[in-house]
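Thank you for sending the model; my comments follow as numbered points, each meant to be read against the coordinates.

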Amino acid sequence: MEDESIKAHNHIRLLAGSSGATDMSAVVIQIQQRVFLAPEFSHFSYYSKSLGNRSFLLQRHPRMRFGPHSKDAILQSLPPPAASSSLSGSAADYSGQLLDAKTKRKRERIAGIDQDELLDPTLLADPDSSFCEFKGVQIHHKVCHAEPQAQNLLQNQTLPQLPYQTKRVCLPMILLHGFGASVFSWNQVMKPLAQVTGSKVLAFDRPAFGLTSRVNFLGHSSPGSGVTKPLNPYSMAFSVLATLYFIDFLAAEKAILVGHSAGSLVAINAYFEAPERVSALVLVAPAILAPHAVHKVVNGNLAGGGNQIREEGPNSNIYGNPLIRLCKILLNLSKYIAQTIMRMVKGMADMLNSLYKKALSAILHSSFAVMLVRMIIDKFGITAVRNAWYDSNQVTEHVLRGYTKPLRTKNWDKALVEYIAAMLAESESESKPPLGKRLHEITCPVLIVTGDSDRIIPSWNAKRLSQAIPGSCLEVIKNCGHLPHEERVEEFVSVVENFLKRVFGDSKEQCLQAAT
C-alpha cells in the first residue's frame, strides 16, 4: 500500500506556491497532467488508479484526511485543461477557473431564473407599475387611460384609420389574470380596451402572483388566541374584496369585470358578493367546471305527483292484518338501525376528513411542499406556458421573461404553497353552495370567450357554461389556445367591443356619469 502511495506521489508536480516537493501547502498542483487547487493542506497523497481521465478539486473537510489510506476521498470532478502545454500557466488563472466552476455548479436556477439573489417586488417593477396597500398587502397594479387624442380624432371623422374607437361605453374595466399569470398577461390589450370603454382599465396581481408582496400569513396568524383571525391574503375572499376595492379606487359605482381562466372565478364570486357593482362579466377561457345538467324550473305538480304514496286509513283491512303489522314494526326497526349506523359512519367520516385536512395542511405548510412546488415549476413551468398557446412558436423570449419574472421575488415559492393550501381549503368548504349550482342566478350581461384549440380548458366546457348562464354570449376564436388576449389580440378586442356595443350601445348618460 505504501509503494502505491509513493508511486502516486511521484505523479504530483508543483506548479505554484512552495518549491519543495515535500511541502504540499502549495495552492496549485498537477497530478498526471491534470491541474488541482489544494489550499491549506500539509500532506496528502492519491492513488493514480482513482483518477482515470477525470480531474478533481481538493476541498478541506474537518473529518477528511488525505493520507495513504484515503483513496475514496476524491471530491469534485472538473473539466480537463484544453491542452497539456497550457499547464505552465499562472497559478492565478488555474485557481480562478476552478473556483468559477465550483461557483456555477452551486448556483440554483428555477425555470432558468437564478434563485441565489431574490429581490423585493418593488425593485422589479416596470415604469408604469403602481403599488397600493390593501389589508396589509402591497398590491401591484397598472392603470391605462383612454387617450384624449382619440376623442378628438373621433370628432374629426378619422375612424377608418383607428381600430377600437367606434363607440364607447364609458365604464371602467378590471382585468383579473389566471393561475401562474400576472398583469403582464394583459399588457397587449389594456390600451385597446381603454379605447373601447372610453374609461380606465385596471389590472392587478393577486397575492402569490406577479409583483404583489408575499405575506407570511401562517407566521402572523395565531389560531389559539381570542383575536379575530385575519383574512387570508391567498383566499378567494381576499381577491374578491380586492376587486371591489379597485372599483372604489377608480371612483366608479360599477365596473366591467374581465377574468381569464382562474380569474373568472374571482369575477363571478365578486358578482355574487356585490352584484350591484358589476355591469358585465367577460369570462375568457374560464376555469369554471360547467354543470352537467342545465338548471330548469320544474313544475311542482310534475315534481311531486309521480311518487306520492297513499296512506292507509286506520280501518284498512291491510293495516289490521297482524302479519303486515309485524312486518311494518320490523321495517321501522331496521330503519332505526340503519340510521344509527349511518350516523356512526358519518361521524367516522367526519373524523377521518378532519384528520385528512390536518395532515394535508401539515404537508402543505412543510418544507417538502415548498421543495415540490419548486421542482414542478422548474420542470413544467416553461412547458405549461408553451402549451397554453395554439402556436408555441409565438412564445418568444419576451413572453417567457414576462411569465418567469415573478420567480425573482422573495418568498415566491412559499406564497404559492399558501395559495394552493387556501384554494384546497375553500374547495372543501360546505358553508357556500357550489358555484356551478348558482350560475343560473347571474342576471348581468355575460360574454364567454374561448379558443377552439385550448389544451388547458377545452372549449366544450365553455359551451356548456354558456348554456348554464341565462342570456350569455359565447364566442369561439379559431386557431387559438388558452390565451386569446395574447394570441389573437385584435380578434379578442373586437369580440369584446361588439359585445359591449350590443349590451350598452352608445350611452351618453353613462359617459357623463363616468366622467363625474
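1. A residue is called buried here when its relative accessible area is under 20%, exposed when it is over 50%, and partly exposed in between. The model is a predicted one, and the points below should be read with that in mind.

2. Glu 491 has a relative accessible area of 39%, so it falls into the partly exposed class. Its side chain meets that of Arg 488 in a salt bridge, with 3.8 Å from N to O, a pair that qualifies because the cut-off for such a contact is 4 Å. Arg 488, by contrast, counts as buried, since its relative accessibility is 18% and the limit for that class is under 20%.

3. A second pair can be read alongside this one: the side chains of Glu 441 and Arg 438 form a salt bridge at 3.6 Å, again taken from N to O. Glu 441 is partly exposed, with a relative accessible area of 39%. By the rule applied here, the count of salt bridges comes to seven.

4. The salt bridge between Lys 142 and Asp 126 deserves a separate comment, its closest N and O atoms being 2.8 Å apart. This pair links distant parts of the chain, as Lys 142 belongs to strand S9 whereas Asp 126 lies in the loop between strand S7 (113-114) and S8, with 16 residues separating the two. Lys 142 is buried, at a relative accessible area of 5%, while Asp 126 is partly exposed, at 30%. Both residues also take part in a network of salt bridges that links them with Asp 128 and Lys 405.

5. The strand that carries Lys 142 is paired with its neighbour: S8 (residues 130-134) and S9 (residues 137-144) run antiparallel and are joined by five bridges. Within this pairing, Phe 131 has His 140 in S9 as its bridge partner. The two strands form a hairpin with two residues between them, and Lys 135, in the turn, has a positive phi of about 50 degrees.

6. The buried residues of H10 include Ala 369, Val 370, Val 373, Arg 374 and Val 385.

Methods
Residues numbered from 1 in each chain as written. Predicted model: local features only at pLDDT ≥ 70, side-chain atom pairs only at ≥ 80, totals over all residues. Heavy atoms only, no water. Pairing = 2+ DSSP bridges. Helix = DSSP H or I, 4+ residues; strand = E, 2+ residues; numbered from the N terminus. Buried < 20%, exposed > 50% of the residue type's maximum accessible area, 1.4 Å probe, protein only.
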